[in-house]
Amino acid sequence: MRSPIERIAAFVEDLMRNRRPRRFIASPEEMVVLRAAAALSAARPGADRPSRWFIDQVCADINATVRTVLAKRRRLPVEGRKSKS
Amino acid sequence: MLEGALYTDWETIYQANVVKVYRLMFSRVGNRPDAEDLTSEVFVKSLPNLTLPSTVSQVHAYINVAIRSVLADHWRRHYGSPQADVEVDNISRPFDLTPEADESDRAGRILALLPDRSRRILELRFLRGCSIKQAANEMGVSPGNAKVLQYRALRLAAEVGARMLS
């Protein structure tokens, strides 16, 4: 098993490469340290700008989800009436 | 939009808030893949259940609750954190149009308060983008020692950051 120092070093390395960091069960002290690392990573100039592709993609996902939810809501009263009859 | 104004459709809500939510998520997780997933989760989960029209302040409150919930779940699922409450800036506070200004300013103030070697290792790693080997070379230590310095420096930075917030 790796030490906390190695785990945090690997976590920081992932942040620096903009990779999804590896997951592990963190001790309370490690939680504090990895949150500090995440905050410092966000301080890199320009690092926290979302891509246009991402913004458009999520917009499309929400569009689909909203349509599904609204369609379900429209069907619900009809199904309710059917079940009563 | 002004606090008392009304949102009448979800797309306007999304376009007005997505960058703020993404930046907030990035400031908490520090990497693009997680920030994208968590931002998406906030909107996909919360927007379809909003009753429209709603005031701007109502929508912001709704999104803030979703952010807290999504972040707490992230730390719990992936790192076993039992901490349910997550400190999050309010999304309705005035938005700084200089994207990285807030975080880099705060980071700069924290780094300035650290001992020399702690500040140096964090500057090399986070601000100059040095690998652990490059940082070790710059500081005249072994890569193993650089990892120890980095760990201790992050712990100190967390303490300084907590004191600045309190």
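Select Trp75(B) to begin. In this predicted model, Trp75(B) counts as buried because its relative accessibility is 2%, and the cut-off for buried is under 20%.

A pair of aromatic rings is described by the distance of the centres and the angle of the planes. For Trp75(B) and Tyr79(B) the centres are 5.6 Å apart and the planes make an angle of 45°, a tilted pair.

Another of them is found by selecting Tyr22(B) and Phe26(B), a tilted pair with 6.0 Å from centre to centre and 40° between the planes. These two residues lie in helix H1 of chain B, residues 10-29, and are four residues apart, which means a separation of about one helical turn. Tyr22(B) and Phe26(B) are both buried.

Move to helix H6 of chain B, residues 132-139. Which of its residues are buried? Select Ile132(B), Ala135(B), Ala136(B) and Met139(B) to see them. These residues are on the same side of H6(B), because the arc they cover around the axis is only 100°. Turn to the face directed away from that buried side, and you find the exposed residues Lys133(B) and Asn137(B).

Now display what covers the buried residues of H6(B). The cover includes H1 of chain A, along with two helices of chain B, H5 (116-127) and H7 (143-165). Before leaving, click on Gly140(B), which follows H6(B) and has a positive phi, near 70°.

The last stop is in chain A. Select Asp14(A), in helix H1, residues 4-16. Is Asp14(A) buried or exposed? Asp14(A) counts as buried, because its relative accessibility is 2%. Show the side chains of Arg19(A) and Arg22(A) too. A polar contact of 2.7 Å connects the side chain of Asp14(A) to that of Arg19(A), and another, of 2.9 Å, connects the side chain of Asp14(A) to that of Arg22(A). Leaving aside residues up to four places away in sequence, Asp14(A) touches Arg19(A), Arg20(A), Pro21(A) and Arg22(A).

Terms used:
Residues numbered from 1 in each chain as written. Chains lettered and ligands numbered in written order. Predicted model: local features only at pLDDT ≥ 70, side-chain atom pairs only at ≥ 80, totals over all residues. Heavy atoms only, no water. Buried < 20%, exposed > 50% of the residue type's maximum accessible area, 1.4 Å probe, protein only. Polar contact = N/O pair within 3.5 Å; in protein donor to acceptor, adjacent residues only side chain to side chain. Contact = heavy atoms within 4.5 Å. Arc of directions from axis to C-beta. Phe/Tyr/Trp six-rings, centres within 6.5 Å; stacked < 30°, edge-to-face > 60°.
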